[in-house]
Amino acid sequence: MLQVLLSDFDQLPDDVAVSANIADIEEKRGFSSYYVFVIEVKTKGGGRYMIFRRYRQFYNLHTKLEERYGTESKNSRFTCTLPILPGKVYVGAKREIADSRIPVLNAYMKKLLSLPAWVLLDDNVRLFFYQLEFDSQQVPQGLRRLRPRTRRVKSISPQEPGFDRLAAPRAEALFDFTGSTKLELSFKKGDLIYLLSKINKDWFEGTVRDATGIFPCAFVNIIKELPQEEDTINWLRCYYHDDNVSTIRDISVEEDLSSTPLFQDLMELIRRAFGHNDFALNYRDAEGDLIRLLSDEDVVLMVMQGRSWPYEKHIFPWKLHVTQKDDYSVYNSTGSGITT
């Protein structure tokens, strides 16, 4: 039993989320196009970080909380009035839907994090607001409503013993730049700026004269590039079979290699990639036979089988075989390779 009283806020761990606000939305290229909410989280101990969540993750969290803490729940002796989550929307442009959800989701998170301490300590709540490895690797695509946080690091000093001027990534300022916030780095034309990271295609993070901050790429000339960062895009390998000729195409998707897509999302992904609708999706089983995919359950079996096989880095362990919809010659002679 949780031994936490309503007044025990001071006893909460420092890493518990106490406020959260949506700073932006971003489109992601997964098995289907979707939007994520870029959320700035503040913890009781004063920490700040970004997390990236889809609406369905809000929905799943709310469903679990209703089952456990809702006023009609019989699963726990602790119940409370939970905030109202906006329902699913099935019609309309995805971006417009995501934009319209920002104020209501902000209100939802504000009320949720104002609930009794035992709700804040719930594993589902803590995991939702926890910065996962995936979140820490993401870089906000735009600065429309967001300034990326600057790392608090010791400035690089050319006077330090062992400092290698020629090896350090660096840039020369082409123009004066005066930062408009404390996160932005101010410098003068001709300054040598040592680069720490690339925030996105428009902004760098760097250090000059014992100050660290972000600045626009267009204001500097790169003398030595930053080391190439590892690509976070994963690839789905597809074998396209047509008239006894097979070709290979790798499709980029921003999904974790452990994810399991929906059948309809796979169909839409292949429609976009190959530009036509007259096809069937398949995978090869352990005996080497092609098995046609017809449902989400078939996809789950394919993914489970693929996870047991060796695979290349950044390439999904399961592979898709794209065939003509009415071509049954690709299956084994008994027809048992077609699932029903």
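View 1. Glu40 is partly exposed, with a relative accessible area of 26%, where partly exposed lies between buried (under 20%) and exposed (over 50%), computed with a 1.4 Å probe on protein chains only. Arg48, at 46%, is also partly exposed, and the two side chains meet in a salt bridge at 3.3 Å, N to O, the term meaning a side-chain nitrogen of Lys or Arg within 4 Å of a carboxyl oxygen of Asp or Glu. The model is predicted, so local features need pLDDT of at least 70 and side-chain atom pairs count only at pLDDT 80 or more, whereas totals for chains, interfaces and linings use all residues. Residues are numbered from 1 along each chain as its sequence is written, and side-chain values use heavy atoms, with hydrogens and water left out.

**View 2. The salt bridge of Arg68 and Asp122.** The side chains of Arg68 and Asp122 meet at 2.9 Å, N to O. This pair links distant parts of the chain, 54 residues apart, with Arg68 in helix 1 (residues 55–69) and Asp122 in the loop between helix 3 (117–120) and helix 4 (123–129); helices are DSSP runs of H or I with at least four residues, strands are runs of E with at least two, and both are numbered from the N terminus. Arg68 is partly exposed at 40%, while Asp122 is buried at 3%.

**View 3. The salt bridge of Asp14 and Lys44.** Asp14 and Lys44 meet through their side chains at 3.7 Å, N to O. Because Asp14 lies in the segment before strand 1 (17–29) and Lys44 in the loop between strand 2 (33–43) and strand 3 (48–53), the pair ties together parts that are 30 residues apart in sequence.
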